[in-house]
Amino acid sequence: VQDRLVGVISLDSTHKAVFMEQDLRTLSTFATLAALIVEDARLFEETRRRAEEATALLKTVQALDTLDLETTLRTIGEHAKSLFAADGCRIFMLEPDGETLRCLLALQDQAEAVSCLSLKLGQGVTGDIALRGESAIVNDMLADPRAVQVPGTPVEDEAMMLVSLKEQGKLIGIISLSRLGAERPFQPHDSVSYTHLTLPTN
């Protein structure tokens, strides 16, 4: 598309027939048209996805009008979980000591085991990403040496996407989304930034 490679199309014959130069010219013409159609479809899908993200982010921002922290966190978690078709969402907030992350929201199975879980900055995948103030995708938690098993939860394949929450550049917490199994990994474009959400801390 406009001299930019977007893919390749190949044909094969299973009847001992050979392709001719004319076939190649015909396929080349077809490929030019096909590339334009595919690119249009991709642009449409990207536009649709961005519209869904914008809608979810707008609802999240609207939720920030309340000063009730529990309601705000639940609204953010539910929208994030829905937007990314996740099986679970956790939000940890940084305690006043500046070293401890406490789970204030757990939308998942075995939520009771995760609720009020505390981690030190640098502890586990969540604590490490928070310490770095980064965003990350970990599509094989079982293979990550930083992973810490939460007591009361099963050991299972899990993909996670984690985003540090910051207010004026200062870490205030971290949000993580999870998908169970290995069939639905997170993709780089999934990492929509929740980093700059301003959360009420009172």
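Let me start with Phe 30, which is partly exposed, at a relative accessible area of 47%. On the scale used here, buried is under 20% relative accessible area, exposed is over 50%, and partly exposed is in between, with a 1.4 Å probe and protein chains only. Before going on: this is a predicted model, where local features need pLDDT of at least 70 and side-chain atom pairs count only at pLDDT 80 or more, while totals for chains, interfaces and linings use all residues. Residues are numbered from 1 along each chain as its sequence is written, and side-chain values use heavy atoms, leaving out hydrogens and water.

Phe 30 sits in helix α1, residues 21-63. Helices here are DSSP runs of H or I with at least four residues, strands are runs of E with at least two, and both are numbered from the N terminus.

Next, the strands. Strand β5 covers residues 158-167, and eight of its ten residues are buried. Which strands pair with β5? One is β4, residues 135-138, which runs antiparallel to β5 and is joined to it by four bridges. Another is β6, residues 170-180, also antiparallel, with ten bridges. Pairing requires that DSSP finds at least two bridges between two strands. As for individual positions, Ser 135 has Val 163 in β5 as its bridge partner, and Ala 159 stands opposite Arg 179 in β6. The hairpin of β5 and β6 has two residues between the strands, and Gln 168 in that hairpin takes a positive phi near 55°.

Now Thr 126, in helix α4, residues 124-132. Thr 126 counts as buried, with 9% relative accessibility. What is Thr 126 in contact with, leaving aside neighbours within four places in sequence? The list is Phe 92, Leu 101, Leu 119, Leu 162 and Ile 174. Contact means heavy atoms within 4.5 Å.
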